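Dear colleague,

I am handing over the structure below, together with some notes on what was found in it. Please have it open while you read.

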Amino acid sequence: MIESFLPLHPRFVHFPIALLLVGVAFVAIGLLRPGIAERWLWAGRWLIFLGWIGTIVAGITGLVDQSRAADTLAVRDTVNLHITVGIALLIVFGLALYWPLKQRDLWRTGSQRWAYLAWLLLGALLVLVEGWLGGHLVYTLGVGVR
Ligand code: HEM
């Protein structure tokens, strides 16, 4: 019965990818608009929060699927890198959520605002790397399909 739902992970990975990337785009728009657009910032931060939860769910389902993957060196190395980038995603976006809570005037200070945006762009880059590694696992190494 449970077999018909496997692999589980590909059913969940699109949510964090989309939520985090759109969340970063919304915050970027909020910061770049003249006078700071609070509503874009608010919506973007909520999307990032939901994407962060989605990353945890993707990680859990990934661990379930990983246990069924072929145990070759290439698969093991790529999965380890995929897990490392997943943990980095949780840290980078976790701090991105915490930072404005800790420092309420973050948007008002020019240099900090740009530092925050750069931090989010680093997170977006990690999302792309994570997706690419996942695609490499499936479409090059055949995990979950062979
Ligand atoms: C502990 C963390 C993770 C593990 C162990 C893991 C493991 C895997 C495995 C084994 C696959 C191959 C397909 C399968 O058998 O399901 C895969 C694919 C993939 N993973 Fe992960 N993953 C993790 C976290 C993540 C996260 C956080 C994301 C996205 C934010 C992600 C995105 C993807 C994508 C896009 C694919 C390709 C799916 C497809 O094209 O069918 N993974 N992952």
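The shell around the ligand draws at least two residues from each of α1 (14–32), α2 (38–66), α3 (73–102) and α4 (110–140), where helices are DSSP runs of H or I with at least four residues, numbered from the N terminus. Please bear in mind that this is a predicted model, in which local features need pLDDT of at least 70 and side-chain atom pairs count only at pLDDT 80 or more, while totals for chains, interfaces and linings use all residues. Residues are numbered from 1 along each chain as its sequence is written.

In total, 27 residues surround the ligand, and the closest are H9, G62, D65, G134 and G144; a residue counts as near if its C-beta atom, placed from the backbone, lies within 6 Å. The most residues in this shell, seven, come from α2.

As for α3, its buried residues are V79, H82, G86, L89, F93 and A96, and what covers them includes α1, α2 and α4.

With best wishes

Note on methods: A residue is buried if 20 or more other C-beta atoms lie within 10 Å of its own, exposed if 12 or fewer, and partly exposed in between; C-beta atoms are placed from the backbone. Two residues are in contact if their C-beta atoms, placed from the backbone, lie within 7 Å.
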